[in-house]
Amino acid sequence: MVLLAISISVTLIIVIGLPIVASFWLNKKLGISWQVITYGVLGYFIVQILVSLLYSGVVSLIPAWNTPGVDQSYLLSQILVNVFIGALVGVLVRWLGMKYYKFDTQESAYGLGVGYGGAESIMLVGLPLLTTFISMLSNMNFEAQSTSLDPAVVEQLRELWNLEFYVPLATAVERVTALIMHITVTLLIVRALKNKKILWVFAAFLLEFLINGLVVGLAEWGIHYGWVILAAVLLMVGNIYLIYRLGAFDTILNSFKKEPEIVADISGEDQA
């Protein structure tokens, strides 16, 4: 129980604290304005709304998906379609927004990537895990016979406290991988804007679809968390290598050599 509590605490620090710390570091060291980072956050919420609407439309067109207790193959196809729509819409929204506001530098890619990936990490995992952890701590020493809690809630709390301590840490590793992936995807979109080649946008979509599809697929197939962690680490290393190949590490290294110049807030009108 103690190990699990420590594990969840560490996970919360990573999935909530890391994006926030990274945002402050980008603002201070790379001179990236908070407006750019905020655009990344807003982009995430816009994408979630669009994905929800599109996915609901797709589900309404396939009667088999609306049947209670759908077959496992249908469930897997639903997940893959949702991942496909999420990757496609996520890349297109960022590409269109970055093209309109002329966010075509590596610095802006870091800001947008951290804003987008950070919002996803906090909303998808951080806040739900925090509320669950508070509930777990509030009901550590209850008696099933005397508690006023619903039996279903009691059973759920027991299952949560019986989790292996490494399960939350696996989630933390996956979230770090996703955050780095979003930075890589945004850097690929910057390359598309600079080179004026749509092929880079397709590469960004393919990267996000493959990584999210693989992670979600492994979890859905019930693969042991040890293999999930290994896969996440390998994907993280692969993304870091892509960032290196894109020459984006030079931006970070140069930040230690000179004082940053604050990037001015950019609006559509200013860039017209």
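**Notebook: aromatic pairs, cores and fold**

I searched the whole structure, a predicted model, and the search returned 13 aromatic pairs.

Phe84 belongs to helix H3 and Phe209 to helix H7, so that the pair links distant parts of the chain, 125 residues apart. Phe84 has a relative accessible area of 37% and is partly exposed. Phe209, at 21%, also counts as partly exposed, since the limit for buried is under 20%.

I turned next to Phe165 and Tyr166. Here the ring centres are 5.7 Å apart and the planes stand at 75 degrees, which makes the pair edge-to-face. I recorded Phe165 as partly exposed at 37% relative accessible area, and Tyr166 as partly exposed at 24%.

I noted one aromatic cluster formed by Tyr39, Tyr100, Tyr101 and Phe103.

I also looked up charges over rings. Arg94 lies over the face of Tyr116, 4.0 Å from the ring centre. Arg191 places its charged end over the ring of Trp200, at 5.3 Å from the centre.

I then examined the nonpolar cores. The largest comprises 37 residues, and Tyr110 and Ile189 have the most contacts inside it. Two or more residues come from each of helices H1 (2-29), H2 (34-61), H3 (72-101), H4 (106-138), H6 (166-195), H7 (199-220) and H8 (225-245). Helix H6 contributes the most, with 11 residues. For Ile189 I listed the contacts beyond its neighbours within four places in sequence: Val91, Arg94, Trp95, Met98 and Ala204. A second, separate core holds 12 residues, among them Ile8, Val15, Ile16 and Val125.

I found 10 helices and zero strands, and the elements run α-α-α-α-α-α-α-α-α-α from the N terminus. Of the 272 residues, 40% are buried. Among contacts between residues at least 6 apart in sequence, 82% join residues at least 24 apart. The chain exposes about 15,000 Å², and 67% of this area is supplied by carbon and sulfur atoms.

Key. Residues numbered from 1 in each chain as written. Predicted model: local features only at pLDDT ≥ 70, side-chain atom pairs only at ≥ 80, totals over all residues. Heavy atoms only, no water. Helix = DSSP H or I, 4+ residues; strand = E, 2+ residues; numbered from the N terminus. Buried < 20%, exposed > 50% of the residue type's maximum accessible area, 1.4 Å probe, protein only. Contact = heavy atoms within 4.5 Å. Areas by Shrake-Rupley, 256 points an atom, 1.4 Å probe, with all protein chains shown as cover. Core = buried A, V, L, I, M, F, W, Y, C linked by side-chain atoms within 4.5 Å. Phe/Tyr/Trp six-rings, centres within 6.5 Å; stacked < 30°, edge-to-face > 60°. Lys NZ or Arg CZ within 6 Å of the ring centre and 35° of its normal.
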